[in-house]
Amino acid sequence: MGMNPGGFLSAADIPLSRLYIGMAGVFFTAALVWVYTLMKYSVFKIHWLMAALAFTKATSLVFHSINYHFINTEGHPIEGWAVMYYITHLLKGALLFITLALIGTGWAFVKYILSDKEKKIFVIVIPLQVLANVAYIIIESTEEGSSEYSLWKQILFLVDLICCGAILFPVVWSIRHLQEASSTDGKAAVNLEKLKLFRHYYVMIVCYIYFTRIIAILLKITMPFQWQWCYEFLVEVSTLIFFVLTGYNFRPASNNPYLQLPQDEEDMEMDEVVTESGALEGISKVKKTSNGRDRQKESTL
């Protein structure tokens, strides 16, 4: 590897260390804002899982930045920092998909128990995420152009797509469940609000996957060499936007009535009447996302 005036990295990779540390700062800030919000309201366990994901994502970016810094100055990664990055990257990937799938099932938001079919999604997605991260680590540590490199690159791409597809299933099931519920019981108004929320969420996940997997890669292929870092920048920014939008839509708040679950059947009918007007109000606020809140997604998830 030849030495550039700026270090060992190619001109396209030199800005990455600064990019990752800058984005880590933004994710930490968003995570702190999210935690501050959680302190003010009664929240579900999943809200803290969302906070853990945000902090893990930020920490992973810090180690990624340090890794690039040493590759640039020393010509090779420092093993300790590289291992820390791989651990946080793996943890972030697993947390991301667990959180997305849990939100998709409507766990805590629509119901308190997962069906067997929903549990199977986790049995499939978690091992696949581990495999995807192993593939990622092998790709990072082998020379581009080797047969091993291209094989693991294909495995990563395939596994990643399967994971992305798998997390859409719970959202579709939740939408179907809410559609049935809104047509059969007397709580149609609130169920319809939840239905709108889950439909928005489905569109968000599809857009996020489409952008980070397809659009960004097309841009990477067409961009001039020295602008290659823009690909990483776009992925990180779209991840941040996705986290913030998810956090905003599923925020714990008194003005988010479609996330309030009545504690027992007796109160249910009354609850729906009380929250109906508020629910309609809340859905219009979802569009105006000015609040820095934090939610899920990842570098390549």
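Me: Axes are lines fitted to C-alpha atoms, for helices over the stretch in contact, and angles run from 0 to 180 degrees between N-to-C directions. On that basis, at what angle do the axes of α4 and α5 cross, and within what distance do they come?

Reply: In this predicted model, α4 and α5 cross at roughly 155°, and their axes come within 9 Å.

Me: What makes α4 roughly antiparallel to α5?

Reply: The term applies to angles over 145 degrees. The crossing of roughly 155° lies over that limit, and α4 is therefore roughly antiparallel to α5. The crossing is also left-handed. As for composition, the residues of this contact divide into 20 nonpolar, 1 polar and 4 charged.

Me: Why are α2 and α3 called roughly antiparallel?

Reply: Their packing angle is about 150°, with the axes 8 Å apart. Since that value is over 145 degrees, the pair counts as roughly antiparallel. The handedness of the α2 and α3 crossing is left. The contact of α2 with α3 comprises 18 nonpolar, 8 polar and 2 charged residues.

Me: And how do you know that α5 is roughly antiparallel to α6?

Reply: The axes of these helices cross at roughly 165° and come within 9 Å. With the limit set at over 145 degrees, α5 is therefore roughly antiparallel to α6. α5 passes α6 in a left-handed crossing, and the contact residues divide into 17 nonpolar, 4 polar and 4 charged.

Me: How many helices and strands does the secondary structure of the chain contain?

Reply: The chain has 8 helices and 0 strands. Read from the N terminus, the order of elements is α-α-α-α-α-α-α-α. Buried residues account for 48% of the 301 residues. Among contacts with a separation of 6 or more, 76% join residues 24 or more positions apart.

Me: Which residues have the most contacts inside the largest nonpolar core, and which elements contribute to it?

Reply: The core holds 69 residues, and those with the most contacts inside it are Tyr201, Ile205, Phe242 and Phe250. Two or more residues each come from α1 (16–40), α2 (45–74), α3 (79–105), α4 (116–141), α5 (147–184), α6 (188–222) and α7 (229–249). The largest share belongs to α5, with 13 residues.

Me: Why is phenylalanine 198 called buried?

Reply: Buried means under 20% relative accessible area. Phenylalanine 198 has 0%, and it is therefore buried. This residue lies in helix α6. Apart from neighbours within four places in sequence, phenylalanine 198 is in contact with Ile103, Gly104, Gly106, Val110, Val171, Ser174, Ile175, Leu178 and Phe250.

Me: Where does alanine 108 lie, and what is its phi?

Reply: Alanine 108 lies in the loop between α3 and α4. Its phi is positive, at about 75°, although the residue is not a glycine.

Me: How do you know that alanine 108 counts as buried?

Reply: The relative accessibility of alanine 108 is 5%. As the limit for burial is under 20%, this loop residue counts as buried.

Methods: Residues are numbered from 1 along each chain as its sequence is written. This is a predicted model: local features need pLDDT of at least 70, side-chain atom pairs count only at pLDDT 80 or more; totals for chains, interfaces and linings use all residues. Side-chain values use heavy atoms; hydrogens and water are left out. A nonpolar core is a set of buried Ala, Val, Leu, Ile, Met, Phe, Trp, Tyr and Cys residues joined through side-chain atoms within 4.5 Å. Buried means under 20% relative accessible area, exposed over 50%, partly exposed in between (1.4 Å probe, protein chains only). Helices (H or I, at least four residues) and strands (E, at least two) are DSSP runs, numbered from the N terminus. Angles under 35 degrees count as roughly parallel, over 145 as roughly antiparallel, 65 to 115 as roughly perpendicular and the rest as oblique. A crossing is left-handed if the near helix is turned anticlockwise from the far one by less than a right angle, and right-handed if clockwise. Ala, Val, Leu, Ile, Met, Phe, Trp, Tyr, Cys and Pro count as nonpolar, Asp, Glu, Lys and Arg as charged, and the others, Gly among them, as polar. Contact means heavy atoms within 4.5 Å.
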